[in-house]
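Reader: I would like to go through the charged pairs in a model and learn how to read them. Please start when the structure is up.

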Amino acid sequence: MSGLGGARGAWGKRALDALEFVSALRVVAGRAASAAGRQHVMSLRPTRDRAALQKELDRVEAFRGLLNQDDPPTIPAIPEPQAILARLGTEGAGLDGSELRMLGKLLQASREFLVALKGAAEPLHSLRDRLW
């Protein structure tokens with residue numbers, strides 16, 4: 001299942017190649033704020049599910065509206081905690097000072113983004129609710 005709701009393989013390789021789909025994904029992924037975001041974008045696949053498409057388009061339009069305000073919110077830098085979090089799954093693992101600072105920055109970035117989404121349009125409420 002892709003982030004757009006479509007089954008992988010729903011489109012043929014020739015069609016995706018003709019559309020330069022992977023190249024388009026790379027352009028979008030290059031604008032992602034984190035490695036996890038880039039990875040998510042690269043995992044997307046087309047779908048024929050109109051409801052899923054409309055939901056995604058509404059979400060993109062709402063986010064564009066947020067960024068096109070007279071005083072748009074600043075999107076904070078997002079630290080990459082995956083390696084630290086994976087290591088914490090090991091019994092007895094601990095964090096050093098720099099790792100604690102990085103996780104603190106992640107929490108701060110989440111709070112800042114939550115504040116930025118406070119007045120966001122309805123399609124972004126699910127994103128806001130996941131942060132809260």
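Reader: Is arginine 87 buried, partly exposed or exposed?

Author: This is a predicted model, and the label follows from relative accessibility. Arginine 87 counts as partly exposed because its relative accessibility is 33%, which lies between the limits of 20% and 50%.

Reader: Which residue does arginine 87 form a salt bridge with?

Author: Side chains of opposite charge can pair when their charged atoms come close. Here the partner of arginine 87 is glutamate 99, and the closest N and O atoms are 2.2 Å apart. The pair links distant parts of the chain, with arginine 87 in helix H5 (residues 82-87) and glutamate 99 in helix H6 (residues 97-116), twelve residues apart.

Reader: Is glutamate 99 buried or exposed?

Author: Glutamate 99 is buried, at a relative accessible area of 15%.

Reader: How many salt bridges does the structure hold?

Author: There are three. Another of them joins the side chains of aspartate 17 and lysine 13, at 2.8 Å from N to O.

Reader: How are aspartate 17 and lysine 13 placed in helix H1?

Author: They are separated by about one helical turn, because they lie four residues apart in helix H1 (residues 13-18). As for accessibility, lysine 13 is exposed at 62%, while aspartate 17 is partly exposed at 44%.

Reader: Which side chain meets arginine 59 in a salt bridge?

Author: That of glutamate 56, again with an N to O distance of 2.8 Å. Both residues belong to helix H4 (residues 50-67); they are three residues apart, so about one helical turn separates them. Arginine 59 is partly exposed, with a relative accessible area of 29%. Glutamate 56 is also partly exposed, with a value of 21%.

Reader: Where in the chain is confidence lowest, and where is it highest?

Author: Where pLDDT is low, the predicted coordinates should not be read in detail. Among the elements of this chain, helix H7 (residues 125-131) has the lowest confidence, at a mean of 68, and helix H2 (residues 21-29) the highest, at 94. Over residues 1-9 the pLDDT is below 50, although this stretch has 19 contacts in the model beyond near neighbours in sequence.

Reader: What is the mean pLDDT of the chain?

Author: The mean is 82, and 88% of the residues reach 70 or more.

Technical notes: Residues are numbered from 1 along each chain as its sequence is written. This is a predicted model: local features need pLDDT of at least 70, side-chain atom pairs count only at pLDDT 80 or more; totals for chains, interfaces and linings use all residues. Side-chain values use heavy atoms; hydrogens and water are left out. pLDDT is the predictor's confidence in each residue, from 0 to 100. Helices (H or I, at least four residues) and strands (E, at least two) are DSSP runs, numbered from the N terminus. Contact means heavy atoms within 4.5 Å. A salt bridge is a side-chain nitrogen of Lys or Arg within 4 Å of a carboxyl oxygen of Asp or Glu. Buried means under 20% relative accessible area, exposed over 50%, partly exposed in between (1.4 Å probe, protein chains only).
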